[in-house]
Structures are given as structure tokens and as C-alpha cells.
Amino acid sequence: MSSLSQSAADRLTLLEPKNIGYPEQVWYAIAVFLFVIGCFQAVSYIHSKFARHRHHESDEETASSRIHRKYSLRYVPLAFINFYRVVAFRCTLEIGQTYVLNMAEVFVTLGYIALLVTYSCINSTSVKGQQLDSAFWHSRVAVIASSQFPFVTVLGTKNNLVSLVTGISYDKLNYIHRMTARACFVLLWIHGVSEAYSYPAFESTLDEGWLRVGIAAMVAFSMLIIVSLRPIRSEFYEVFFYTHFFAVLIFLLGGYYHTSASNLSVWVWPSLVFWAFDRLIRVVRLVVFNHSYFGFKSGSGTMDATAELLSEDVVRLRLCRPPHFHWSPGQSAYLTMPSVSTVPFEAHPFAIASVYSSLFQTTTPEYSPESGVNKDIQISASSAPLWKELVFLVKVHKGFTKKLKAVAVRGGKIKVFVDGPYGPSPDLSSYDTCILVAGGCGVSHTLPVFLSVIERVRNDESSCRRVVFIWSIRMAAHIQWIEEELIKAVRLAPPSLTLSIRIFISGSTAASPSDLSGEDDFTLSRAAVEKKGITEPSVVTQGDMLPSSLSSLGGTEVKQGRVDLDALLNEEVNMTSGRMSVSVCGSRGIARAVRHALRFPECGPSNILSGGPSVTLHVTPFGYA
């Protein structure tokens, strides 16, 4: 009896003050880290705005410095920045074929776990001198984990303060969201198991409501962690979607009731507020952008989308732009289709493949005789879709997209709710060279950015001098998805801007079907191609059923075979100076290949010091997971 009283005294005198102070200190550390990132983002933004107005060196001087490879100390700061970029964002840790983490994510993960573990274990020596006394740390781990609920919740919302402060989009914060949730999950299980093992009256308190609710909350949390694993999340996205919604609700409500008994609910109810606030913003957007559905307007305001089957695994959705909906190139939107989805409020993200610009609103372009573009191109381009439309290219998988394909086969209209736009729009105005890499439906992201660069150069809003558009597809017929847009782009490009359009058709007869079944069309280097016996990319001729209009475009190459990104990107790096941007949207294999091509030594300090380009890499996630 006396020992139990002494243990209770220990908790009252030593544990409770720590439970209040330590979670606050964890929050201070996180706030400082976010503030530092925000400062770096602000400096980078300001630098990009002023970089466009700086006078560039003459082409002769630049070419001379590149030929003789003379080192210059004035490039030392730039070399240090590029060294950091390569190490932090292009060097990766690969776990099997599923998980690929860049070093920045690895360092953030280790730092966050170390922070939580440190504050869970420090000052846990009892008055008897026993270190790491379970009477202290098994309760404190629960307090530390509970204090992170608001942070975890904010990271998982589409409209959050972290994105506003750091400039990091919500989709790239998803990894941090999952990582922090799993760290808290482990701490809570440590709390539960240690309480059941060391608390003498645990069995007798099982009849109490606060404990039963806590156990139910942990069961919901465990189910959520299981379905959030990437193999399950990718294969059964709809199951993850529904489980996530209801499990989070059960966990937060149960956690609030459970922690109320120990006056710790102050860390839980803000999570409910943030979650509800995000949902409220999304509902308001749905009402504003789709007001005709709610009786505010009738007639032309209805949002009816047309579904077209472009190929066996790609559907194109087209709908008129809502009056209040504005977006920038590279952004995405969430689409809700009650007649297609299992649950009416189910929303799915898709990249917006169209642009809203006065430059591309012309439906019948006028070509000058000296432009070199034949009449076939004029006829083809005159049928281009209206640029006031929202266009989406949807890759067909299982579940929702498979049902959407069935609708496209039948034809007709689909009722669609639009929510967005989401994600950042890359500002490439300060770059001298822009390289856009896409695979398949990833062109939904790179095509609007490509058109935007051309428009900004025409309006003297960009210093870009060269744009390289790389697209890998399986069949030559897929070129028709964006053929008319490419025709417009080439025609409208100003003389000061050099365009290089390179399309690779990987589904050639030179490769075996097994070689073409995966998603890593970009991963083979030149040596690997020769080893596999696959022929080098060859220029596709008119007899290969390519559109005659596309073959007439200047600066356009269409080749059969897999693209060697190592060779292409190294070639661009060696012939370029100034600032270079590389944007990629595609599978994990595509992103892996681009990161590998832009590591050392091509983008290392020695190349920068000798006048090489400063390369910035933008990777856009592809797919749901």
C-alpha cells in the first residue's frame, strides 16, 4: 500500500509538470523548423523574381568559359546550393521496389523520431534512482503522441497553414503526414502495452468507459495504419479512402473522450477543428464552383462533362470552366461524380491538362506563308478544343476509373462537382532552360506548363531561351491526345525561344512485351539498352502512321524505342549555362531515372564552378499514392 502511495506521489510531483512542459517544447522545436523552411522559401521566391531582371553574360563569353572549363570563385555559393540540392533531393534511399525516400525525407524522419523519443525518455529517473522508470515514460509517450494530433491532422488536409508557411504543397506533405502518424501510432501502442503490463488495476478498470473508448480508438487507428501502407493504398484506393474517413473520425472522437479523464483533451479537440475547417472550405468551394446544382442558377451553369475513350486505358474528361474557377498551369482539381463513384461524396484528384489563356483561345489560327506550316496543320488546329474548358486525362485502373471507362464507352454526359485548384504552379520565368519530362498521362501536368512558358516569353514575362519537351508513350496513336496543342505551341513560339519536342514510342517491335509491361520506360541507360538487345531509338517515318501535320513541325523528333534520360539530360546540362529547370511527372521509375541523371558529377560543384547550369528539379507525384 505504501509503495503504491509512493508511486502515486512520484506521478503527482514529477510527472505532471513534465507532461505539460515537454509537449510545448516539442511544438516550439517544430515551429522553429517550419519557420526556417519558410524563410528559405521566401528567399528563394524573392531570388527567382529578381533573377529574371539580371543581365546575362554574352553568349560568346559563356561559350568560352564552358569550352576552357575555367573555374571561377564567384560560383562558389551557387555550387554549394547545388551540392545541397543533389544530396537532399536527388540522392535516395530505396526500400524494395515500392518505397523511395530522398535524403531530405530521411533526415526529417530521423529528426522527428529522435525528437519524440528524447522528450518521452528524458528525466524519467524515479526518486529511488531507477532510470527510465516505466511509471514515468509509459504515460509521457501518450502525452507526447497526443500533443502531435493537431500537427498530423493539419498535414493531411488540403487547406493548411503548413503549406502556406513553407510553400510545400499538400501532396508533398503527405509523406510527412503518414510518417508523423506512424510515429504517434508506435508511441500509443507503447503506452497501451506498458499500461496493461505494469498497471496493477488494469483489468479491474476495463469496465470503465474512458478505457473502452480508448481501446476502440486504437483499433480504428491500427486499421488506418494498415490500409495506408503503399501496396494496399495503391491497389485498393477506394478501401483506403473510406477507411481513412471513418477511422480518423472514430479515433479523434474516442481520443477526446479518453484523454478528458486526464485533462489532456486540449491536444485532441484542435484536430477536430482543423479537420472540420478543411471540410468546410471544400464544401464552400463546391457550392461556389457548382452553384447551379444548388439552385442558385439554372441553365448554362450546369456542370456536365463529356467522357471520351482515347485508348484502352485512358479517358479524357472535358467540361466547361465554372465561372468562378481559375487555375494556373500545373495545378490539379478534385472531381466528384455521384453517378460513377460508390459513395456520392467520393472525390478523386486529377491534373488539369488545359490552360485558360487569351493566347490559346483562337480556334482558327492564321498562318503566314513564311511560317513553313502546311494547310493540313491549319485544318487540324482549327478543330482544337476550346481553351475555356477543363480537360483531364484519366489513367484507367481499378474501381472508380474502371467505372468511368465504362461510362466513356457508352458515351453521354456525366454530372461532375469540381473542387480546387490545388497544388503549386511552377514559376519558371527566371530560368534560361526549361526541360519537361512526362510519361503517358503525366503530360497532363507538363503540357500546360509548356504552353505557359511560351505565353510568358511572348509577353516578355520570362527570360527562358530554350524549352525541351520530352514525352514517352506506348503507341504512336497516343500523339493525337495533344497533337493540336503542340501545333499551336510551335506556331506561337517567338523567335527568341528555341523549342525541342522529343516524343519516344516505347511500344515498338524492337522490344519484347515483357520489357514493355512495367512502368520504368525511363530507367534504362544506354548500356542497359545494349545489354538487353533493344535497338536504339530510331526516327519514326511517315509509314509508321504518324500524323503528317506533326512531322512538319520544326524542332520536333518522334522516335521509336525507350528514352535514355541519362544521355538527354547530360547533353542539355553540357550545352547550357545559367539557370535550368527540370520538371518531371510520371511513375516512380521516371522520377528515379531523372534524379539519377541529375546527380554527381553532372550537377556537382565542379560543373558549377566551371560555368555549368544551376539545375532545379521539380517532381510531381503521379497517381493516387
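Visitor: Which residue of strand 2 does L93 stand opposite?
Guide: In this predicted model, strand 1 covers residues 92–95 and strand 2 covers residues 99–102, and the two run antiparallel, joined by 4 bridges. Within that pairing, the residue of strand 2 that stands opposite L93 is L101.

Visitor: Which residue takes a positive phi in the hairpin of strand 1 and strand 2?
Guide: The hairpin made by strand 1 and strand 2 has 3 residues between the strands. A positive phi near 65 degrees is found in this hairpin, and the residue that takes it is G96.

Visitor: Why is the pair of F221 and F251 called tilted?
Guide: The structure holds 21 aromatic pairs, and the one formed by F221 and F251 has its ring centres 4.4 Å apart. Planes under 30 degrees apart count as stacked and those over 60 as edge-to-face, with the rest being tilted. The planes of F221 and F251 stand at 40 degrees, so the pair is tilted.

Visitor: How many residues apart in sequence are the parts that F221 and F251 tie together?
Guide: Both F221 and F251 are buried, and they belong to one aromatic cluster that also includes F149, F185 and W189. Because F221 lies in helix 9 (residues 209–227) and F251 lies in helix 11, the pair ties together parts whose separation in sequence is 30 residues.

Visitor: What is the centre-to-centre distance in the aromatic pair of F325 and W327?
Guide: F325 counts as buried because its relative accessibility is 0%, and W327 likewise counts as buried, at 10%. Their aromatic pair is tilted, with 40 degrees between the planes, and the distance from centre to centre is 5.9 Å.

Visitor: Over which ring does the charged end of R579 sit?
Guide: Elsewhere in the model, R282 lies over the face of Y334, at 5.1 Å from the ring centre. The charged end of R579 is placed 4.4 Å from the centre of a ring, and the residue that carries this ring is Y431.

Note on methods. Residues are numbered from 1 along each chain as its sequence is written. This is a predicted model: local features need pLDDT of at least 70, side-chain atom pairs count only at pLDDT 80 or more; totals for chains, interfaces and linings use all residues. Side-chain values use heavy atoms; hydrogens and water are left out. Two strands pair if DSSP finds at least two bridges between them. Rings of Phe, Tyr and Trp (its six-membered ring) pair if their centres lie within 6.5 Å; planes under 30 degrees apart count as stacked, over 60 as edge-to-face and the rest as tilted. Buried means under 20% relative accessible area, exposed over 50%, partly exposed in between (1.4 Å probe, protein chains only). A charge sits over a ring if NZ of Lys or CZ of Arg is within 6 Å of the ring centre and within 35 degrees of the ring normal.
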